[in-house]
Amino acid sequence: MTKIAFIGAGNMNGAIISGLVKTGFNAENIIVSNPSAHKREALQQQLGIKETSDNIEAANFADFIVLGVKPHLIANVCQEISLQIDISDKCFISVAAGCTVTQMQEALAKPCAIIRTMPNTPSQLGLGVSGLYAGKDVNSQQKQFAEELMSSVGIIKWLNTEAEIDHIIAVSGSAPAYFFLFMEAMEKNALALGFSAKESRELVQQTALGAAQMVVNNSKPISELRANVTSKGGTTNAAINSFIDDGLEQIVTNAMNSALHRAKEMAQNNN
């Protein structure tokens, strides 16, 4: 049976572990390593997985090693593992932005299977989006398992080039915060209109949920769904025209380009 080590017990690794166990993966074949006892012990108690404070113990246990630490720590973790155990038959999966396959390969200093994946925070609810890119040493079985791993927390998309990881960050990795900011602005305006804090939150979150579900349940273009609730001369039309006049489309483009630019900067800074 395939065994997995998760280096780091943060929210993303925790979400993937939870998703795996919920989809029937044997918890006995999962180990998490983390310097903070509280986080790893909480996962152990909740999900029945193994836990340790020792990255080497975790990596030695596993066929797949999921790197869920901060980008600037990835190289150190890879080097630490590579120096102490045989990694020739292991596959490393990174869920961190800004650290390339080449940078991880250099830290490992040995040929090794490496997969980069960029999930987003709704993965914590099983509603995530993950882009995956496989390095040249990844075989078909490893690629298939990585697909199953990330599919446990949402939908996945294989990418043809590593550069597309940065594109995924701009489109879906960072994007939950875009929607949160929009919802936050709506909530503030609902409060200004006299609704209570509870009412404002409920009105905004239910409207956002309903709109997203309409897109999910409908094959029509999103532009058509928008047009269907925008009667000429009506209240929605007035609001939409205000967004257009204020340059919403360019604002969104600028924001996504900023995320893309920062992702590239992070990769360069890790050199």
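A: Let's start at K136, which counts as exposed at 79% relative accessibility (buried means under 20% relative accessible area, exposed over 50%, partly exposed in between, using a 1.4 Å probe and protein chains only). Before going on: this is a predicted model, so local features need pLDDT of at least 70 and side-chain atom pairs count only at pLDDT 80 or more, while totals for chains, interfaces and linings use all residues. Residues are numbered from 1 along each chain as its sequence is written, and side-chain values use heavy atoms, leaving out hydrogens and water.

Back to K136: its side chain meets that of D137 in a salt bridge, 3.4 Å from N to O (a side-chain nitrogen of Lys or Arg within 4 Å of a carboxyl oxygen of Asp or Glu). D137 is partly exposed, at 33%. Searching the whole structure turns up seven salt bridges.

Another one joins E28 and K50, at 3.2 Å from N to O. Since E28 lies in the loop between α1 (11–22) and β2 (30–33) and K50 in strand β3 (residues 50–52), this pair ties together parts that are 22 residues apart in sequence. Helices (H or I, at least four residues) and strands (E, at least two) are DSSP runs, numbered from the N terminus. E28 is partly exposed, with a relative accessible area of 43%, and K50 is partly exposed too, at 31%.

R40 lies in helix α2 (residues 37–47) and E51 in strand β3, so parts eleven residues apart in sequence are tied together. R40 counts as buried at 10%, whereas E51 counts as partly exposed at 28%.

Now the rings. The structure holds three aromatic pairs (rings of Phe, Tyr and Trp, its six-membered ring, with centres within 6.5 Å; planes under 30 degrees apart count as stacked, over 60 as edge-to-face and the rest as tilted). F64 and F145 have ring centres 4.4 Å apart and planes at 35 degrees, so that pair is tilted. With F64 in strand β4 (residues 64–67) and F145 in helix α6 (residues 140–151), the pair ties together parts that are 81 residues apart in sequence. F64 is buried, at 7%, and F145 is buried, at 11%. The rings of F182 and F243 have centres 5.7 Å apart and planes at 40 degrees, so this pair is tilted. F182 lies in helix α8 and F243 in helix α11 (residues 235–245), so the pair ties together parts that are 61 residues apart in sequence. F182 is partly exposed, at 38%, and so is F243, at 35%. Ring pairs also link F25, F64 and F145 into a cluster.

α8 (residues 175–192) has 18 residues and reaches 26 Å from its first C-alpha to its last, close to the 26 Å expected at 1.5 Å a residue (1.5 Å times one less than the number of residues). A175, P176 and A190 are buried in α8. Seen down the axis, the buried residues of α8 fall within an arc of 100 degrees, so they line one face of the helix (the arc being that of the directions from the helix axis to the C-beta atoms). They pack against α7 (163–173) and α9 (197–216), contact meaning heavy atoms within 4.5 Å. On the other side, L181, K188 and A192 are exposed. After α8 comes G194, whose phi is positive, near 110 degrees.
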